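Please look over the sequence and the model below before reading the notes on helix packing and sheet architecture that follow.

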Amino acid sequence: MELKTKINAEDGKQDITITREFDLPLELLFKAYAEPELIEQWMGTKVLKLESKKHGSWQFETTDAKGNVVFKANGVIHEFIPNHKITRTFEMDNTSFGVQLEITEFEKLTDDTSKVNMHVIYESVAQRDQLLKLPFAQGLNMAHNRIEALLKTLNN
Amino acid sequence: MNLRRDVFQAIADPTRRAILLLVASQSMTAGAIAANFDTARPTVSKHLQILTECQLLEQKQNGREIHYNINAQKMREVADFIEPFRQMWDDRFNKLESIMKAYKPKK
């Protein structure tokens with residue numbers, strides 16, 4: 001099985017690259033990054049604010065079923081060139097992960113295929129490594145919460 | 001490389017992650033593990049087999065019983081990998097692709 005999404009994270013460096021090829025024309029791929037209602041669908045977060053233009057800013061928020069905010073992030077858009085490039089900052093609220101700089105480039109491969117290349121630069125190597133491990137930690141946490149809930153029902 | 005991918009397929013499943021957490025604190029028999037889940041016993045056995053095959057769990061004969069232990073060394077190796085991060089982006093991008101394939105511009 002060929003991996004469609006590739007991550008390159010070299011040891012001891014404070015950046016990563018994420019690349020992915022899509023069975024989509026370049027214009028459709030870029031649209032998914034530019035329109036709030038589309039971002040909401042594929043990122044699974046609420047878009048509070050998105051000014052898709054140079055010197056614009058953005059704000060995302062995710063809430064759980066009970067309405068508690070579980071994720072909140074914001075940043076500014078440094079550069080916005082349709083069908084070509086988005087440069088923005090990304091910072092999660094109430095965390096120690098710092099600010100990251102994201103340079104996302106879009107490339108046409110054929111009329112029906114395209115490619116995205118994300119270059120993400122973190123404040124430090126330590127912050128990068130911590131963030132890369134986050135999904136794993138969350139995965140274990142979620143399993144743990146399920147077990148806790150299960151054990152509670154067993155005790156009752 | 002293939003082995004690594006198998007490990008991540010193993011921990012991609014929520015029930016298998018739950019099993020790993022259960023066994024993390026104490027070694028348990030298959031029966032004791034299965035008692036924690038609503039899932040049918042053979043399904044739990046299958047999960048245990050997969051986790052054992054990719055060495056996240058170890059089996060130990062204890063009299064007539066087989067106990068399952070977590071393989072801490074293997075778990076540590078896994079924790080260092082960025083595969084879950086890649087999976088997260090892969091899921092997002094798969095979603096993006098299917099949404100945009102169905103996308104019809106508003107007239």
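A crossing is called left-handed if the near helix is turned anticlockwise from the far one by less than a right angle, and right-handed if clockwise. This is a predicted model, in which local features need pLDDT of at least 70 and side-chain atom pairs count only at pLDDT 80 or more, while totals for chains, interfaces and linings use all residues. Residues are numbered from 1 along each chain as its sequence is written, and side-chain values use heavy atoms, with hydrogens and water left out.

**Helix packing between the chains**

- Helix α1 (residues 26-34) of chain A packs against helix α6 (residues 83-101) of chain B at an angle of about 115°, with their axes 10 Å apart, where axes are lines fitted to C-alpha atoms, for helices over the stretch in contact, and angles run from 0 to 180 degrees between N-to-C directions.
- α1(A) passes α6(B) in a right-handed crossing.
- On the α1(A) side, A:Leu28, A:Leu29, A:Lys31, A:Ala32 and A:Tyr33 meet B:Phe93, B:Leu96 and B:Met100 of α6(B), contact meaning heavy atoms within 4.5 Å.

**The sheet of chain A**

- Eight strands form an open, antiparallel sheet in the order β1-β2-β8-β7-β6-β5-β4-β3, two strands being paired if DSSP finds at least two bridges between them.
- The twist from one strand to the next averages 20°.
- β2(A) and β8(A) (residues 114-121) run antiparallel and are joined by eight bridges, and A:Ile16 stands opposite A:Val120 in β8(A).

**Helices across the sheet**

- α6(B) lies across β1, β2 and β8 of chain A, running at about 35° to β2(A).

Notes:
Chains are lettered from A and ligands numbered from 1 in the order in which they are written. Helices (H or I, at least four residues) and strands (E, at least two) are DSSP runs, numbered from the N terminus.
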